[in-house]
Amino acid sequence: METITLFSILAAGIAIGLGAIGSAIGEGFIAMKAVEALGRQPNASGKLIRVMIVGQAVTEAAAIFALVVSLILVFYTPEAGESIYKGYYLLSAGLAIGLGTIGAGLGGGLPGGSCMEGIGRQPENSDILTIQMIVGQAVTQTSSIFALTVSLILLSIDPSNDIVKVFAVVGGGLAMGLGAIGPGIGDGLVAKNANLAVGKNPRQMGLLTRTMVIGQAITETTDIYSLVVSLILIFVV
């Protein structure tokens with residue numbers, strides 16, 4: 001039981017340590033662009049600060065997911081007679097959510113930053129730019145939701161005493177965690193440029209939003225591949 005506790009504490013540190021990276025950088029990027037925009041449009045400070053906080057709040061979601069799993073791991077209490085292999089399941093859960101939120105955090109910051117740029121150029125377009133930002137950010141969080149799902153599954157299932165299965169479970173956590181980094185950033189890049197385009201041509205927001213969502217959906221397919229392989233490793237192998 002003591003060994004399982006050691007694993008859970010290590011996994012908790014991995015979860016929040018890695019999970020805070022993307023969101024922190026993403027939020028900093030939004031704030032940086034807000035400051036730049038304020039230099040150009042000091043009279044739009046109210047709009048910029050409000051939208052900045054909204055964008056940072058959405059970007060923070062990935063880190064919150066990591067925090068929730070980390071706290072579960074910190075307070076995890078092994079059951080009497082529980083297999084020592086449960087520790088590897090806990091470690092895998094920490095890796096899945098820690099790695100899996102990096103891309104979503106970074107990706108969420110990109111459209112937030114471009115929204116600040118757009119408001120800095122044309123403050124009157126702040127409402128449509130904010131809507132565009134939130135839609136784009138919402139899709140970037142998909143990868144972190146997949147990672148959260150896999151992480152919670154790993155926390156809840158009973159461990160196997162088969163060493164091959166144990167390695168498969170750890171592989172499943174890594175598959176989902178690493179596999180979520182690229183899609184989160186990729187979705188953010190699409191959303192960033194869509195926001196820039198809306199800022200330049202707000203009348204075409206509908207067309208640009210549809211194109212953005214289609215592009216993000218295709219980018220997100222690699223995340224789904226990671227999820228499928230992760231679940232196969234956890235439940236089938």
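**Close-up views of a predicted model**

The count of salt bridges comes to 3, a salt bridge being a side-chain nitrogen of Lys or Arg within 4 Å of a carboxyl oxygen of Asp or Glu. This is a predicted model, in which local features need pLDDT of at least 70 and side-chain atom pairs count only at pLDDT 80 or more, while totals for chains, interfaces and linings use all residues. Residues are numbered from 1 along each chain as its sequence is written, and side-chain values use heavy atoms, with hydrogens and water left out.

**View A. A salt bridge joins K33 and E36.** The N to O distance is 3.6 Å. Because K33 and E36 are 3 residues apart in helix 1 (residues 2-40), about one helical turn separates them. Helices are DSSP runs (H or I, at least four residues), numbered from the N terminus.

**View B. Helix 5 (residues 102-121) meets helix 9 (residues 181-200).** Their axes, lines fitted to C-alpha atoms over the stretch in contact, come within 6 Å and cross at roughly 10 degrees. Helix 5 is therefore roughly parallel to helix 9, a term for angles under 35 degrees, where angles run from 0 to 180 degrees between N-to-C directions. Contact (heavy atoms within 4.5 Å) involves residues including L106 and L110 of helix 5 and I185 and L189 of helix 9.

**View C. Residues including F167 and Y225 make a nonpolar surface patch of about 1,000 Å².** Such a patch joins nonpolar side chains (Val, Leu, Ile, Met, Phe, Trp, Tyr) within 5 Å, from residues with over 30% relative accessible area and no salt bridge; accessible areas come from the Shrake-Rupley method with a 1.4 Å probe, and for residues only the protein chains shown count as cover. The largest share, 5 residues, comes from helix 10, whereas F167 lies in helix 8.

Notes:
Helices (H or I, at least four residues) and strands (E, at least two) are DSSP runs, numbered from the N terminus. Angles under 35 degrees count as roughly parallel, over 145 as roughly antiparallel, 65 to 115 as roughly perpendicular and the rest as oblique. Patches are made of residues with over 30% relative accessible area and no salt bridge: like charges are joined within 9 Å, nonpolar side chains (Val, Leu, Ile, Met, Phe, Trp, Tyr) within 5 Å.
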